[in-house]
Structure formats: structure tokens, C-alpha cells
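Hello,

Here is the structure you asked about. Please open it first, then read my notes below.

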Amino acid sequence: MVEYRIDRRSGVATYLQIVQQTKQALRLGLLEPGDRLPTAREVVEATAINPNTVLKAYRELEREGLVEARRGLGTFVRRTLGTHPVDSPLRAELAAWAERARAAGLDREDVDALFASVLDEHFPKDDH
Amino acid sequence: MSSEKQGGRTTTPKGRGELRDQPRRRSRRQTPHRGTPEVALEATELTKRYSRKATAALDNCSFRLPAGRISALVGPNGAGKSTLLALAGGLLRPTTGTLNVFGGAPGEFRDRVAYLAQNKPLYGQLTIAETLRMGAELNPDRWDAPYAARIIEEGSLQPGQKIRRLSGGQRTRVALALALGKRPDLMLLDEPMADLDPLARHELMGTLMADAAERGTTVLMSSHIVSELADACDHLLLLGGGRIRLGGGIDDLLAAHTLVTGRGTPADLAPHTVVEARASGRGLTALIRRDGPVEGGWATEDPSLEELLLAHLRSPDAPALLTPGTTSTRTAVQA
Amino acid sequence: MTTTLHTPVAAAPRRSALRPSGLVWTVLRLHRTALFVWLAFVAFTAVFMLWLYGPGASAAQDKLDAFGYAGVLLSTSSSHALLGFTSGAYNDLFYDPGTLITLASFGVALFAAGPLTARELEFGTAQLVWGQSPSPARWLATKLAMPALLVTAGMTVLTVLYRLLWNAHGNLLIAGIGPRAFYFSVGPATVAAPLLGLALGALAGLAVRRTLPALALAGFGYFLVNAFRTNAWPFQGRYRQPEVHSRSWAITSKGTEIPDPGCYDDRRCLAKHDIAHFGREYLHSSDYWPRQLLETGVLLALTALAVTAAFLVLRRRTV
């Protein structure tokens with residue numbers, strides 16, 4: 001069962017935070033196909049947000065084909081995200097690169113900035 | 001337990017279908033069906049004056065609150081929030097105009113409505129257990145004893161404690177248990193969270209939201225702290241000087257407004273309605289109610305809920321806006 | 001902890017016919033202290049009257065038999081009164097239940113103005129109850145009916161007892177204004193007066209909605225009622241204090257009835273007349289029932305008016 005953390009200061013719409021955290025959980029393998037998402041009641045009881053916000057997030061996830069609502073049963077994960085699990089070769093390559101960056105004298109913020117700029121170049125943002 | 005016995009039609013509020021997957025599903029009591037979707041609260045030219053000479057606490061208010069909404073009732077001190085809630089709870093009589101609750105007079109469906117006053121009145125001489133017993137006695141057909149007891153337990157309160165020995169926040173918890181224990185269809189909460197610590201506030205708001213998620217309860221709660229309600233509410237009523245200034249779904253209201261910045265005068269912003277314009281360097285920043293796309297060299301931005309409310313409160317002369325569906329059917333669209 | 005909480009709450013819906021429930025339970029529980037005070041007052045006054053009926057009266061009778069009415073009258077105004085129990089003291093004690101009843105009637109009016117109504121409105125607890133299922137009208141009806149029932153029951157018991165006490169031992173009293181005032185004041189009107197106090201108090205509480213002013217208003221209102229009750233009703237006209245005729249006699253040791261010779265506490269004089277007992281009876285006045293019923297009628301009519309006004313005041317403010 002995933003738990004959502006709502007950050008009121010983040011400026012990101014609450015429903016988007018739920019969408020993003022669900023996707024993150026799918027990427028990290030915390031959720032797998034067949035798993036049930038918490039019910040809206042469970043989410044709002046823990047987070048004190050509006051039930052419709054949760055439903056909006058679940059509808060968005062459903063629209064993207066990630067989950068499906070089964071009437072009377074709950075909302076279930078349909079497929080996972082990211083074909084590259086935590087121990088994939090790509091991760092190993094990135095780890096090796098980070099090692100080299102540190103050896104080259106870059107600190108955490110330098111790496112962050114560098115990574116972000118490459119990310120923006122290759123994955124242009126289409127939504128805000 | 002008692003509410004399980006109630007038979008009747010299961011009203012599923014729009015968009016809450018998926019919420020019905022709860023093991024403890026509760027059916028709502030059959031209600032006289034007058035138009036769809038059901039209207040929880042409808043005010044028509046509602047005016048309340050406390051004495052003949054006094055200015056009106058509520059001045060010719062017309063609006064409707066669809067059932068199943070969780071609505072924030074916002075406004076500065078003295079805006080008429082408490083008056084409106086007390087009128088809806090059947091505790092006051094309107095001077096003129098009408099206020100309908102579930103299509104009837106406010107006193108007609110008293111058992112379906114819970115009201116929590118700002119000062120959280122309780123009987124100091126009773127214990128918590130006796131206070132809950134009173135809830136059971138006064139609501140013989142609806143009282144959910146285990147549910148009320150759970151709310152008390154979550155606050156680590158002992159049933160034998162006398163009410164007069166409780167702190168302000170603990171009293172609020174007992175008062176909320178009493179209000180929620182009757183499993184109302186409409187909750188009227190006057191500054192419900194004011195004297196709660198952050199943890200209790202989060203817990204009780206969560207309990208309230210869970211109740212709404214499970215049963216489609218309509219909630220109207222007042223506050224002058226906007227951030228307290230921004231996440232919990234999907235609907236807004238803004239009162240100012242006894243009048244409704246804004247009414248509708250929060251998303252709809254936000255979408256109807258734009259924050260523009262640029263060089264020019266408020267007159268250049270026609271045909272949009274300028275709610276508030278303030279000088280900003282050589283130009284101005286204005287909150288406008290759009291009428292078509294914004295043209296010209298204006299930089300546009302979506303306003304936050306707080307910006308929207310503050311702009312309206314600072315400009316008492318700005319016209320009111322009620323989104324469709326929140327307008328009382330018996331009056332003109334603009335209040 | 002959970003079970004202790006659940007048990008009393010869950011038990012509530014299963015109720016027997018005799019156990020109070022709903023609003024009645026709530027009203028009784030909220031005003032439990034007042035209920036206990038009332039029951040204690042009724043019990044104490046009743047026991048007091050039973051004492052006056054039995055042991056108190058026999059001691060007074062002994063004194064009377066020894067000295068006669070003239071002697072008793074003398075003994076009250078002399079130092080004899082301090083020596084043990086005298087008939088003079090009995091004469092004073094006889095009227096004390098009446099004082100208690102008057103005080104309790106005031107108490108009813110003040111209770112109705114303060115704890116029953118104004119305090120609830122002032123602190124918002126009335127709104128708490130209306131925010132549950134009962135309507136304000138049903139709330140007020142229960143709030144008036146419960147005390148009215150208890151006041152009627154208690155006062156009826158005390159009034160009947162007092163009347164019995166008078167019938168049995170009124171002859172022990174020193175003649176004068178006391179027995180006359182008593183004779184005409186104790187009856188159905190004794191029960192009706194606190195009911196008017198209850199209604200006036202509730203009306204004051206609902207109209208003023210603040211505890212202290214409501215108490216003052218109810219106190220003053222009931223003071224007026226009480227002032228009129230003490231033989232000042234306008235309808236009583238010239239005959240505010242009709243005479244209660246009485247007949248006094250003495251009985252010699254041979255059983256012959258002779259007029260009271262007026263020996264006071266002169267033992268030689270008493271011995272000379274050979275007096276063994278004294279006796280007196282108050283004759284029934286045909287004025288009693290007309291006066292009592294008229295007064296009761298007026299009090300009940302005023303009560304009805306005050307109750308109606310109380311409901312109207314409540315209705316004007318709430319739905």
C-alpha cells in the first residue's frame with residue numbers, strides 16, 4: 001500500500017502530486033500490476049484533502065492506462081512504468097558516470113545542474 | 001449501527017462512484033427528490049437583521065450549494081458567516097427571504113443536519129460518555145455510537161472525563177464527535193478547527209474528509225484562514241459585508257480569472273471585468289474576470305486561491321460571481 | 001477503555017418503558033442537581049409536617065391542656081417560651097412549611113429563568129441541542145413539562161399534607177391573623193403559583209437570554225405574584241381577609257364543657273374551675289372554595305399566557 005505525502009508549499013497541484021507519486025512508486029517497483037491503490041477514503045483520511053482531488057488523480061492515472069477501477073472492488077494497477085528496473089545496465093552506467101564526476105571534483109550541486117540541463121535537452125517539458 | 005437500518009435509495013453523488021468500494025457502505029436516507037442534482041442549500045434573497053436599526057448581517061443573498069460538495073465559507077470577520085450557518089441550522093429565523101435545506105425549511109430535516117457553533121458549546125457538567133449518550137438519545141434513528149467513540153479515542157480522551165476539565169481543542173474534538181456521530185447529510189461547521197493543534201487539525205479534517213468520501217456528506221465550513229481549507233474544499237462561498245461575492249467550484253472560479261501585468265490602464269483591459277488593479281512600476285497588475293482571450297501585451301498568470309480571495313476582499317465594489325449551478329434558480333444570475 | 005465507552009452508549013437504544021429516553025433523559029440529566037434539590041425540599045418539608053402532625057402536636061397539646069389558649073398566648077411573650085418546648089413555639093413552627101413553600105416557589109421561578117433557559121441560550125448549549133434532532137419548540141415543551149410535572153406532584157403532596165395538618169391541629173394555633181391567612185392561602189393556588197413562577201421564569205429567560213438579567217426579572221415578576229397572592233388580588237375587593245369563625249371551650253375533669261375562664265397560667269384559677277382540657281375548632285368558611293378556585297384560575301390563566309408568550313418569543317427567533 002502506498003502512502004501519499006502532500007506538500008502544500010510545493011506549488012504543484014495536489015492531484016498532480018498524487019499522480020506523480022503513484023508513477024514514482026510504479027517506477028521504483030513499489031507497486032506492481034494487480035496491486036490495489038488505497039481507496040479515496042483511506043487517502044483523504046490520512047491526508048485531509050478533498051476526496052474529489054483523489055478521484056481526479058485516479059482518473060488521470062486511468063486515462064494514462066496505468067490503473068483501472070473495478071466497480072465495488074477498488075482501483076488496481078494495470079501496468080508498471082519504466083522498463084528499466086533499479087538494477088538495469090542503464091543505472092549501472094549512470095552510477096559509473098557519477099563516480100567519474102566526483103573524481104573530476106564536481107560537487108552535488110554541480111552534478112545536479114549538469115544532469116538537469118542534459119535532461120531538459122533530451123526530454124523537453126511539454127506540460128507545466 | 002443504527003444507520004445501517006435505514007433503507008432506501010442509495011444516492012451516489014456525481015463523481016463519487018469509485019468511493020463506493022468500502023466494506024462499510026452506508027446508504028443515505030431517502031429524500032424528497034426535487035430536481036437533479038440534489039441541492040443541499042438554496043438561499044433566495046436571504047436577509048437577516050438582528051435589530052431594526054442594525055445593518056444587515058446578511059443582505060439579500062441568493063445562492064445554491066449542490067449536495068456532495070465540501071464548501072469553504074470564507075470572509076472577513078463580521079461578514080455574516082456565522083449568521084448564514086446558524087440560519088441554515090434552523091437556529092435563527094431570516095428577516096426576509098428564504099433558505100431551503102434539502103428542499104425544505106431549515107427545521108424540517110433537523111436530523112439530517114449537524115451544526116457546530118463557533119464557541120463549541122457543550123455541557124460542562126457532563127462527562128464525555130454522557131455527552132455521547134445525549135447524542136444517542138437525541139438522534140435515536142441515526143446515532144453511530146462506535147464511530148463517535150472512535151473519534152474520542154483517537155484523541156486519547158477518557159470517556160469518564162468531565163467536559164469542563166477539557167482543553168479547548170479537546171472540547172472541539174468532543175463537539176465534532178457529537179456532530180459526526182449523527183451521520184448527517186449536511187454538516188455546518190463554524191470555524192471548526194480554530195483551536196486545534198496542527199496534528200489534531202490534520203486528523204479531524206481527515207476524519208471529516210473520510211466521512212464525505214464514504215457517504216457523500218455535504219460540508220459547509222467557515223474560516224478566515226484560507227490555507228486551512230484550500231486542500232479540503234472543492235467549493236467556495238465568499239461573503240463580504242453580508243453579500244455573496246463569489247460562489248462556485250474552486251477550479252471554476254480560478255479558471256474564470258487571470259492575473260495580468262503590463263503597461264496600460266484598467267480601461268485598456270475591456271471587455272474583461274477588472275476586479276482589482278494595482279500600480280506596478282510604470283504599469284499595473286490586475287486581477288480580471290476574462291471575457292474572451294486576453295489580447296495586447298499583457299503577461300498573464302493563473303491566480304492562486306489566496307490571490308483571488310484577497311483581490312475580491314480589497315475591492316468591495318467588484319461585481320459578484322456565481323458559477324452556473326450555484327445560482328439560485330429563482331433569481332437572476334448575478335447577485 | 002474501549003468497552004467502558006461503548007457499553008453505556010450502545011445500551012441507549014434498548015430502553016424499557018419506564019426508563020426516560022431522548023429529550024426527557026437529557027433534560028433530567030442536565031438538571032440533575034435541581035432535581036435532587038427539589039426532591040430533598042419536598043422530602044424535608046413533608047417530614048417536617050409529619051413531625052408537626054405527630055410528636056410536635058402532642059407536646060403542644062399537653063401545654064394547651066395545662067394552661068389553655070390564654071396561658072399559651074402569655075407564655076409566648078414571656079421567658080417561659082425559652083424553657084423547653086412550648087405551644088408558642090409550635091405556633092411559630094406551624095407556619096414554617098408555608099415559608100419554605102414560598103421560598104421554593106421563588107426558587108422554581110429563578111431556576112426557570114437561569115439554568116433552565118437563559119444560561120442555555122447565553123452559552124449556546126440550547127443551540128447545541130437544536131443542532132441535534134429536536135426542534136426548539138419540542139425542546140422548550142420538554143423543558144417546561146418536566147419541571148411542571150415535578151412541581152405539581154411535589155406541591156400537591158405538600159399542600160394536601162398541610163391541609164391535613166391544619167384540620168387535625170389548627171386548634172393549637174394562637175388565634176389572629178395567622179390562622180386566617182393560612183386558611184385562605186393553602187389550597188390549589190399553592191400548587192398553581194409555582195407553575196406561574198416556572199412560566200414567568202422561562203419567559204424572562206427566553207426574552208432576555210442572559211442569566212443575571214433574567215434572574216432579576218423573574219425574581220421581580222414572582223415577587224409581584226407573591227405580593228398579590230398575600231391577599232391583595234384586585235378581585236378580592238373589600239373582603240381581602242374574611243373572618244374564619246372559631247369556637248373555643250374548656251372541659252372540666254367531669255367532662256362538662258364550659259367557656260374558657262381566662263385563667264392564663266394561674267394554676268389556682270385553673271384548679272378552681274376544675275379544667276382538664278381546652279378545645280377549639282375553626283369553622284369552615286363558605287368563602288374558601290370560591291376564593292381558592294378563583295385565585296387558582298387566575299394563576300393558571302396567567303401561566304398559560306406566559307407559556308404562550310414564551311413559545312412566541314422562541315418562535316420569533318428560531319425556525
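A salt bridge here is a side-chain nitrogen of Lys or Arg within 4 Å of a carboxyl oxygen of Asp or Glu. Between chain C and chain B the count is one salt bridge. Its partners are the side chains of C:Arg29 and B:Glu130, at 2.8 Å from N to O.

Some ground rules. This is a predicted model, where local features need pLDDT of at least 70 and side-chain atom pairs count only at pLDDT 80 or more, while totals for chains, interfaces and linings use all residues. Residues are numbered from 1 along each chain as its sequence is written, chains are lettered from A in the order in which they are written, and side-chain values use heavy atoms, without hydrogens and water.

Back to chains C and B. Chain C gives 39 residues to the contact, and chain B gives 39 residues (contact means heavy atoms within 4.5 Å). The buried area is about 3400 Å², with 60% from carbon and sulfur atoms. Buried area is the accessible area (1.4 Å probe) that two parts lose on being put together, summed over both.

Now chain A. It is divided into domain 1 (14–77) and domain 2 (88–127); the bounds come from an automatic or database domain assignment. The C-alpha centres of domain 1 and domain 2 of chain A lie 30 Å apart.

Best wishes
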